[in-house]
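The following note sets out points on the chain contact, the metal site and selected residues. Please read it alongside the entry shown here.

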Amino acid sequence: MAMLALQNVSYRYEGSTKTIFNDVNLQFEAGKIYTIVGKSGAGKSTLLYLLSGLDVATGGRIEYEGENLAAINRNHFRAQKAGIIFQSLNLLTNATALDNIILSMNISGVTGVDKKVRALELLQKVGISPEKASRKVLKLSGGEQQRVGIARALAHDPVLILADEPTGNLDKENEARVLKIFATLAHDEGKCVIIVTHAKKVTAVADEIWSLEKGVFRQLPVGK
Amino acid sequence: MYLITNALKNLWRNAGRNILIAAIMLAIITSTVVTLTINNAAAKIIDDIRLNLGSRVEIGQDFMEMRAAGLDGRTDSVHLSIDDFYAFATSDYLRKTIFSASMYGWSNTFCALRDDPSNPGARERGDGQGGIVLDETCKLISTSDPTTLSEFGTLRHITSGRMFAELNECIISEELAALNGIALGDVITLQGAIVTDKHYSLTVIGIYADFTDEYSNFMFMFNRPVSENRRNEILTSFATLISAGWETSYGLHIRNEYYLKNPDHVRFYEQEVRSKGLPITYNVAINQAAYDKVTGPLSGMKGAAFTFMVVILLLGTIVLALISFMAVRERKYEVGVLRAMGLARSKVAFGILAETVMIAALCLVLGLGIGSAVAQPIADNMLEERVAVAEAEDAASGLGNRVLFAQGQMQTNDKAAGYTPESEIQVRLGGEVITQIMLITLALTALAGVIGVTLITQYEPLKILRERN
Ligand SMILES: Nc1ncnc2c1ncn2[C@@H]1O[C@H](COP(=O)(O)OP(=O)(O)OP(=O)(O)O)[C@@H](O)[C@H]1O
Ligand SMILES: [Mg+2]
């Protein structure tokens with residue numbers, strides 16, 4: 001069974017006449033990496049907002065593990081199940097990288113681990129040194145901030161990872177590092193990873209590639 | 001728990017904004033502490049005065065009013081018996097009565113100051129009706145409660161022996177003792193100046209230093225009778241004075257103080273004493289003029305403190321409300337991020353509330369500390385100024401006072417003469433003020449908190465985050 005399933009999903013922004021999605025049916029399974037590509041303004045971020053429960057479809061339904069996302073406690077869903085990497089990062093810029101991650105773990109109710117140790121490990125994994133970890137986010141570069149955002153999304157070990165342009169600010173080396181992490185998460189740990197991007201390169205690690213254009217999803221062949 | 005930790009960290013993260021909020025809160029709390037403690041301390045003193053001077057009824061002949069009513073020529077039935085006074089003192093309206101009386105005395109066994117040392121007490125004068133009487137040489141002053149002798153502790157203090165207590169004990173001034181070589185334990189003898197067959201033998205049990213003016217009353221500016229010299233006063237108990245079977249008609253001048261349980265009941269009390277036979281030539285009244293004079297500066301200060309407190313609280317509340325409104329709006333993004341990470345609305349609100357509470361608690365402690373430290377000097381200053389103004393006004397208006405003489409007594413129309421405004425205030429931070437301040441702080445915190453929470457619950461995380469991008 002699919003982890004996430006879109007059933008006849010339509011979406012239109014409040015007060016706008018433009019339909020972003022119309023009658024979309026899509027399924028996302030555990031253990032796979034999905035990339036969704038589309039031009040700027042195609043609706044990629046909008047899709048992630050719907051999948052993360054930050055927004056609710058105006059038509060049809062999105063199911064998580066068979067349950068209607070619109071009907072369940074979406075705070076709980078975001079805190080426990082989903083790890084979201086925002087295109088605009090959405091970090092607490094006044095707090096340190098470490099505090100951002102520990103706070104996220106606290107919100108998710110992570111127990112049984114030394115949160116600081118785990119946070120530092122995660123940051124190390126995305127290439128952030130302990131020294132930078134205790135700096136205020138404001139004092140990190142764009143790429144570093146993006147990697148903090150990624151570490152934060154993974155901090156509570158979510159089963160679903162929703163990433164919006166996660167490598168937008170990264171150099172080649174760090175991009176490869178991050179993509180490798182995603183691959184490990186999906187293929188070794190059985191998570192469902194959904195990445196939206198307009199960077200074709202990211203599709204290299206994907207198990208399924210979809211293009212989004214004018215509200216229509218079309219599957220593209222892998223390895224193209 | 002982590003919400004509290006995070007709130008604590010946020011205090012540092014947003015130090016600038018929080019210092020601003022804390023400064024405003026601290027200013028409000030400190031000035032409220034100061035004004036409230038001053039207000040309460042003044043109220044307490046005024047209450048005390050109201051329970052003493054303010055509930056003290058005097059029954060006496062008011063020559064001004066007698067003259068106004070055309071009664072000043074009347075001499076009939078003006079003498080009340082001691083039993084009458086006892087009857088007036090027995091009333092359910094009264095808390096206590098202090099009996100006091102004075103009488104002119106005469107003695108040829110000791111010499112009064114300014115008397116003729118070679119022939120003490122031997123002067124004679126006309127009685128106004130063709131006869132000759134002996135000139136009085138001293139004044140016996142008595143009270144049933146020596147603690148009410150107001151000059152003791154200020155202008156007079158006992159330098160040897162003790163205050164009178166038992167029957168036939170008295171105390172005298174150092175000057176009188178020195179002039180006559182009187183020592184503690186000596187017995188002095190004297191008799192009434194008007195009715196001469198009543199004798200006293202009083203044991204001198206105490207001697208006091210006397211710093212009062214010998215002739216404080218301006219009536220004696222030119223003519224200074226020996227008996228009016230304050231050094232010649234002989235202080236004894238009321239019981240002693242009346243023990244020789246004295247009656248008011250023998251020149252005993254009774255000036256009791258009747259203390260009401262409830263100062264508002266003065267008219268009921270008057271009805272009662274009238275029904276017990278008090279003639280209309282006697283007045284029954286609380287000395288309102290004196291009460292007003294004594295409490296004037298205090299109640300002025302109390303009013304000013306209260307007004308100031310209300311203004312501060314109003315202005316402070318408005319400013320605090322605005323600042324908290326802006327502070328939360330400024331934190332919109334932070335709220336969006338937390339909500340996006342799955343933190344429930346109520347928990348976000350709790351976090352922000354926790355920050356406000358921490359700031360408020362800190363300000364409460366600091367405000368109580370600073371406020372209680374500066375309240376006393378501020379109170380002293382305010383009261384001092386007001387007392388100075390009141391005294392200047394009093395000195396200016398005193399010139400217009402008239403003096404009346406009747407039946408061997410004199411009165412002025414300034415009933416507050418001899419009273420001075422209360423000029424001491426002890427400001428203390430009591431449990432009552434602390435409770436009130438805590439309630440005010442709680443209200444301020446609630447206000448700031450409610451504004452924060454209301455705003456937060458209106459925010460949709462996605463909208464906030466999109467707005468920012
Ligand atoms: N609040 C809104 N109200 C109305 N229209 C909106 C709103 N937010 C976004 N849109 C529109 O919806 C469309 C999809 O936006 P979205 O942010 O999902 O695009 P995107 O694919 O993520 O683009 P990008 O690659 O530039 O991030 C855009 O045309 C955008 O202008
Ligand atoms: Mg986007």
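**Note on the predicted model**

1. The contact draws 22 residues from chain B and 23 residues from chain A, where contact means heavy atoms within 4.5 Å. About 2,000 Å² is buried between chain B and chain A, with 57% of it on carbon and sulfur atoms; buried area is the accessible area (1.4 Å probe) that two parts lose on being put together, summed over both. There are 3 salt bridges between chain B and chain A, a salt bridge being a side-chain nitrogen of Lys or Arg within 4 Å of a carboxyl oxygen of Asp or Glu. Asp99(A) and Lys9(B) form a salt bridge through their side chains, at 2.8 Å from N to O.

2. On conventions, this is a predicted model in which local features need pLDDT of at least 70 and side-chain atom pairs count only at pLDDT 80 or more, while totals for chains, interfaces and linings use all residues. Residues are numbered from 1 along each chain as its sequence is written, chains are lettered from A and ligands numbered from 1 in the order in which they are written, and side-chain values use heavy atoms, with hydrogens and water left out.

3. The magnesium ion (ligand 2) is coordinated by Ser45(A) through OG and Gln87(A) through OE1, at 2.0 to 2.2 Å. This pair links distant parts of the chain, 42 residues apart: Ser45(A) lies in helix α1 (residues 44-51) of chain A, and Gln87(A) in the loop between β6 (82-85) and α3 (97-108) of chain A. Donors are N, O and S atoms within 2.8 Å of the metal (3.2 Å for Na, K and Ca); water is not among the atoms, so sites may look incomplete. Ser45(A) is buried at 18% relative accessibility, whereas Gln87(A) is partly exposed at 43% (buried: under 20% relative accessible area; exposed: over 50%; partly exposed: in between; 1.4 Å probe, protein chains only).

4. Of the 469 residues of chain B, 46% count as buried. Among contacts in chain B between residues at least 6 apart in sequence, 81% join residues at least 24 apart.

5. Leu362(B), in helix α10 (residues 345-398) of chain B, is exposed, with a relative accessible area of 52%. Together with Leu366(B), Ile370(B), Val374(B) and Ile378(B), Leu362(B) makes a nonpolar surface patch of about 390 Å². Patches are made of residues with over 30% relative accessible area and no salt bridge, with like charges joined within 9 Å and nonpolar side chains (Val, Leu, Ile, Met, Phe, Trp, Tyr) within 5 Å. Accessible areas come from the Shrake-Rupley method with a 1.4 Å probe; for residues, only the protein chains shown count as cover.

Technical notes. Helices (H or I, at least four residues) and strands (E, at least two) are DSSP runs, numbered from the N terminus.
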